[in-house]
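I opened a new model today and kept notes as I went.

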Amino acid sequence: MGLPPDASVLNYVVRMVVPMRREFGRSLDVQLFMRDAGYAQTVLDEAASSGDVRLREHAAYVRRRLGGARDADPPKAGPTAATATAVTAAAAPAPAAPAARPDASQPTADELRARMLKKYTGGLR
C-alpha cells in the first residue's frame with residue numbers, strides 16, 4: 001500500500017528540518033510549510049542554494065511534487081517489444097558447449113562457483 005502524495009512530500013520536508021537548522025539556522029515549521037505556498041517557496045529557494053547535496057535533492061523533489069500531478073515525475077514506460085524479446089532471450093539458458101581449457105591447472109568459473117556453493121549445501125545444520 002503506497003503513501004498518499006502529501007505523505008511523501010511531508011516525509012521529505014521532515015527530512016529537511018535538521019539540515020536547514022544546521023546550515024542556515026532556520027527553524028523549519030513543517031505545518032506552515034504544507035499550508036503556506038509563499039513560505040514553502042522561500043524555504044525551497046534557500047534549500048536549493050545549500051552546500052549539502054541531500055538537502056538540494058530533497059528540495060528539488062518537494063518542488064516537483066508540490067506542483068501537483070502534472071509536475072510530478074512521468075510514469076515509467078513498460079518494456080518495449082525489443083527489450084522484452086531481449087530479456088526473454090537472455091533468460092533462456094544457452095546451450096552448453098564444451099570449452100577447451102587452455103590451462104588444466106586453473107579451475108574454470110563454473111568449477112569455482114560449484115566449490116563456493118558446496119559449502120552452503122553440504123554442511124546444513
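This is a predicted model: local features need pLDDT of at least 70, side-chain atom pairs count only at pLDDT 80 or more; totals for chains, interfaces and linings use all residues.

I began with Arg26, which is partly exposed at a relative accessible area of 22%.

I then checked how the two side chains meet: Arg26 and Glu46 form a salt bridge, 2.5 Å from N to O. This pair links distant parts of the chain, with Arg26 in the loop between H1 and H2 and Glu46 in helix H3, 20 residues apart. A reminder to myself: side chains of opposite charge can pair when their charged atoms come close.

How many salt bridges does a search of the whole structure find? I get two. The other one I looked up joins the side chains of Asp45 and Arg63, at 3.2 Å from N to O. Here as well distant parts of the chain are linked: Asp45 belongs to helix H3 and Arg63 to helix H4, 18 residues apart. I noted Asp45 as partly exposed, at 46% relative accessible area, and Arg63 as partly exposed, at 32%.

**The chain as a whole**

Stepping back, I counted six helices and zero strands in the protein chain. Buried residues make up 18% of its 125 residues. Among contacts with a separation of 6 or more, 41% are between residues 24 or more positions apart.

**The core**

Next I went to the largest nonpolar core, which has 17 residues. Which of them touch the most other members? My list reads Val13, Met16, Leu28, Phe33, Val43 and Val62. Helices H1 (5-24), H2 (30-35), H3 (37-48) and H4 (53-66) each supply at least two residues of this core.

Setting aside residues up to four places away in sequence, Leu28 touches Val13, Met16, Val17, Phe33, Tyr39 and Val43.

**Helix H3**

I checked the span of H3: its twelve residues reach 16 Å from the first C-alpha to the last, close to the 16 Å expected at 1.5 Å a residue. Which residues of H3 are buried? I found Tyr39, Ala40, Val43, Leu44 and Ala47. They cover an arc of only 130° around the axis, so they lie on the same side of H3. The general rule I keep in mind is that an α-helix has 3.6 residues a turn, so residues three or four places apart point the same way.

At the start of H3, I saw a side-chain oxygen of Asp36 reach to within 3.3 Å of the backbone nitrogen of Gly38.

**Helix H4**

H4 has 14 residues and spans 20 Å from first C-alpha to last, close to the 20 Å expected at 1.5 Å a residue. Its buried residues are Leu55, His58, Ala59, Tyr61 and Val62. These cover an arc of only 165° around the axis, which puts them on the same side of H4.

At the start of H4, a side-chain oxygen of Asp52 comes to within 3.4 Å of the backbone nitrogen of Arg54.

My last stop was His58, in helix H4. Is His58 buried or exposed? I have His58 down as buried, because its relative accessibility is 12% and the cut-off for buried is under 20%. Leaving aside neighbours within four places in sequence, I find His58 in contact with Tyr12, Arg15 and Met16.

Technical notes: Residues are numbered from 1 along each chain as its sequence is written. Side-chain values use heavy atoms; hydrogens and water are left out. A nonpolar core is a set of buried Ala, Val, Leu, Ile, Met, Phe, Trp, Tyr and Cys residues joined through side-chain atoms within 4.5 Å. Buried means under 20% relative accessible area, exposed over 50%, partly exposed in between (1.4 Å probe, protein chains only). Helices (H or I, at least four residues) and strands (E, at least two) are DSSP runs, numbered from the N terminus. Contact means heavy atoms within 4.5 Å. A salt bridge is a side-chain nitrogen of Lys or Arg within 4 Å of a carboxyl oxygen of Asp or Glu. The expected span of a helix is 1.5 Å times one less than its number of residues. The arc is that of the directions from the helix axis to the C-beta atoms. A polar contact is a pair of N or O atoms within 3.5 Å; within protein, one must be able to donate a hydrogen and the other to accept it, and residues adjacent in sequence count only if both atoms are side-chain atoms.
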